[in-house]
Amino acid sequence: MTSCAPRDLKWNRLSKSTAAAGIAMEKSGARGSAGPGLSPPGRMPRLAVKMTPTATIRREIPAILALAVPIVAGLGASTLLGVTDSVMLAPLGALPLAAVGITNAVAVILFAAIYGLLSALSVRVGTAHGAGQGRRIPVILRNGLALGAMVGVFGAAAMLSVWPLLFALGQPAEVLAIMFPYWVAISLLMVPFSVLTVFKSAFEAVDRPWLGACFAFLAVAINIPLNYSLIWGIGPLPQLGLTGAGIASLAAEALAMLAAWVFWQRARSMRRLRLRADLSGSEMASVAREGAPLGLMYVAETGAMAVATLLVGTFGAVALAGNQVAMSVGGLLYMVPLGLAGAVSIRVAQERGAGNRGALRPITWAALGLGTVWLSGAAILLGLYGRNVAGWITSEPEVITVATSIFVVFAFSQVMDGVQSTMTGALRGLSDTGFPAKVSLAAYWGLGLPLGWLFARTAGMGPSGIWAGFVVALGLASVVLVRRFLQQTVAALPPPPWRAGAA
């Protein structure tokens with residue numbers, strides 16, 4: 001069982017041994033992937049052994065899984081905060097649940113933007129880790145923490161500024177009357193979420209991914225009892241209902257962030273990550289420029305899903321309910337390729353930093369194979385047993401029928417989206433973020449939504465036609481991204497971002 005307790009990375013001794021190996025290698029004239037090279041801190045040098053392409057890909061699978069499993073676990077823990085609010089507020093009636101739904105509909109877009117923008121940090125830390133540049137990592141981390149705090153404040157301000165628009169958009173007055181304190185709490189939660197995302201990115205990129213997952217689960221562990229106590233007024237605590245749920249979620253995320261900060265400052269295993277480093281406006285701006293296309297991409301994808309749901313809603317309440325059933329299942333399935341995308345970006349960045357160009361494609365094909373097998377298997381099962389799955393969620397026969405028809409098409413759109421996400425992750429590891437963002441925008445908004453409407457209305461496919469449009473669009477996007485990755489890995493490796501100016 002993986003432990004969350006601190007352990008010494010033993011960088012000092014290992015870096016000496018790998019440095020000695022590097023000196024010997026330079027004297028013998030060995031370089032790059034043609035011979036044994038410098039391993040990242042914490043890894044022993046590997047001898048070059050001629051392997052078949054399949055064997056090389058198979059060898060990468062354990063490393064990908066070692067990163068992807070805790071990343072997926074952390075993503076799952078993050079979603080549990082909202083789920084906890086919904087479950088514990090359900091006995092209070094429809095109004096608090098409606099308030100949570102409206103708040104989450106807006107917050108998820110901003111959370112996606114923050115996650116995308118800050119994801120560039122894991123690539124930078126991974127590249128420095130792979131290159132054995134231990135002193136570079138604290139510079140990235142400290143500037144990343146400052147950037148994360150600023151991004152969180154900006155996200156909170158953006159969400160608060162949306163509040164007046166809810167009245168203009170005709171949201172129910174009785175819901176808005178009780179919602180403002182909860183809205184404020186979730187807005188402020190973006191600050192600790194952003195800082196915790198920076199810590200999580202750094203821990204994952206230095207091969208400590210379970211640390212980030214542990215702090216995410218710590219927030220859930222704090223939130224559950226605190227949520228219940230503040231909603232219902234247990235002991236000396238007041239009964240605050242919806243407001244109590246918001247305060248509990250904010251407090252839980254803030255305490256988890258504080259725990260991560262204390263661990264970083266106190267744990268012996270973190271001593272190399274907390275070396276003194278000056279804050280640099282140019283460093284933060286560089287990270288923001290690299291991450292901004294990814295933030296925009298995630299916002300575009302989230303927005304396209306919201307518009308697709310609205311288009312399904314034109315077919316009536318039953319269609320909307322069936323679509324919600326399908327999306328709730330799809331959201332759980334999609335966490336695996338999302339975790340794989342994060343893992344492949346880190347592994348590509350690490351090997352890029354080490355100058356091991358020959359490992360980039362095997363890493364990517366291993367992640368792509370894992371994601372495709374997972375989502376293809378899920379698509380087949382949903383095609384065969386979709387009615388049974390829908391029956392576990394709802395007992396309404398009409399809703400089950402619609403959900404079953406959507407499952408068949410929606411599941412295969414997830415397969416295409418999984419390929420697209422994995423290839424985007426691989427390109428992100430090469431600091432190539434602008435091109436995938438443009439492809440994603442074109443796929444979702446330029447092709448997927450118009451085609452979906454055409455299939456649904458003109459071709460008579462109904463609600464499932466909306467998702468058929470995404471199957472075609474994301475399939476084409478996947479081909480384009482695979483081609484881009486092949487082009488990028490044929491040419492000489494691009495320099496790390498902090499060296500680009502000197503190159």
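These notebook entries record what I looked up in the predicted model above.

**Basis.** I number residues from 1 along each chain as its sequence is written.

**Entry 1: the whole protein.** I found 15 helices and zero strands; these are DSSP runs (helices H or I, at least four residues; strands E, at least two), numbered from the N terminus. Of the 503 residues, 50% are buried, where buried means under 20% relative accessible area, exposed over 50%, and partly exposed in between, with a 1.4 Å probe and protein chains only. I took a contact as heavy atoms within 4.5 Å. Among contacts between residues at least 6 apart in sequence, 81% join residues at least 24 apart. The protein exposes about 21500 Å², and carbon and sulfur atoms supply 69% of that area; the method is Shrake-Rupley with a 1.4 Å probe.

**Entry 2: helix 6.** I compared the length of helix 6 (residues 173–188) with expectation: its 16 residues should span 22 Å, and the end C-alpha atoms are 23 Å apart, which agrees. The expected span is 1.5 Å times one less than the number of residues. I then noted a bend of about 55° at methionine 179, with proline 181 following within four residues. The bend is the angle between axes fitted to the seven residues ending at a position and the seven starting there. Met179 is itself one of the buried residues of helix 6, which also include Tyr182, Trp183 and Ala185. I find the buried residues of this helix packed against helix 2 (53–89), helix 3 (94–118), helix 5 (136–168), helix 7 (190–205) and helix 9 (242–266).

**Entry 3: glycine 244.** I located glycine 244 in helix 9. Its relative accessible area is 0%, so I record glycine 244 as buried. Glycine 244 and alanine 185 stand 59 residues apart in sequence and 9.5 Å apart in space, C-alpha to C-alpha.

**Entry 4: threonine 489.** I placed threonine 489 in helix 15 (residues 463–490). Threonine 489 counts as buried because its relative accessibility is 7%. Its side chain makes a polar contact with the side chain of arginine 361 at 2.9 Å and reaches the backbone oxygen of phenylalanine 485 at 2.8 Å. A polar contact is a pair of N or O atoms within 3.5 Å; within protein, one must be able to donate a hydrogen and the other to accept it, and residues adjacent in sequence count only if both atoms are side-chain atoms. Leaving aside residues up to four places away in sequence, I list Arg357, Leu360, Arg361 and Leu430 as touched by threonine 489.

Conventions
This is a predicted model: local features need pLDDT of at least 70, side-chain atom pairs count only at pLDDT 80 or more; totals for chains, interfaces and linings use all residues. Side-chain values use heavy atoms; hydrogens and water are left out.
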